[in-house]
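Hello,

Here is the structure I promised to pass on to you. Have a look at it first, and my notes follow below.

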Amino acid sequence: MLDSDKKYLTIGEVSERTHVPEHTLRYWEKEKLLKPIRHSGLRKYLDTDIELILTIKDLLHEKKFTVEGAKKYLKGDKRKKVKDVSFETKNIDEQELTYIKNELKSILEMLKE
């Protein structure tokens, strides 16, 4: 992404390449989603920063994550939705399911206390 003779990009160059406004990049930095290198008060963006910006942009705009959700996702809290969890239920009989359901109810009651 970077030119071979350039080691970093300015915030303006990054904004132009990623189509993310400068004020949005600053906001993401404030929200600790983005951490560009700072030198003499200037932000310096590397290739890895550009990739991260494009990932954040995708999470927020395409996948409709909230800022907090994107933070958690990027930190590794990639919880899967129930539909993504694969397990076999056909080998569990009705009695076992009833037992599990009752156990979960008792746990819920203990948590309410």
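**Salt bridges**

Lys-71 and Glu-68 sit three residues apart in helix 4 (residues 67–74), about one turn of the helix. Helices here are DSSP runs of H or I with at least four residues, strands are runs of E with at least two, and both are numbered from the N terminus. The two side chains form a salt bridge, at 3.0 Å from N to O; the term means a side-chain nitrogen of Lys or Arg within 4 Å of a carboxyl oxygen of Asp or Glu. Lys-71 counts as buried at 15% relative accessibility, while Glu-68 is partly exposed at 45%. (Buried is under 20% relative accessible area, exposed is over 50%, and partly exposed is in between, with a 1.4 Å probe and protein chains only.)

Before going on, a word on the source: this is a predicted model, in which local features need pLDDT of at least 70, side-chain atom pairs count only at pLDDT 80 or more, and totals for chains, interfaces and linings use all residues. Residues are numbered from 1 along each chain as its sequence is written, and side-chain values use heavy atoms, leaving out hydrogens and water.

The whole structure has seven salt bridges. Another of them joins Glu-29 and Arg-43 at 2.5 Å, N to O. Glu-29 is in helix 2 and Arg-43 in strand 2 (residues 42–44), so this pair ties together parts that are 14 residues apart in sequence.

The protein chain has five helices and two strands, in the order α-α-β-β-α-α-α from the N terminus. Of its 113 residues, 23% are buried.

Leaving aside neighbours within four places in sequence, Val-14 is in contact (heavy atoms within 4.5 Å) with Leu-9, His-19, Leu-25, Tyr-45, Ile-50 and Ile-53.

Enjoy exploring the model!

Best wishes
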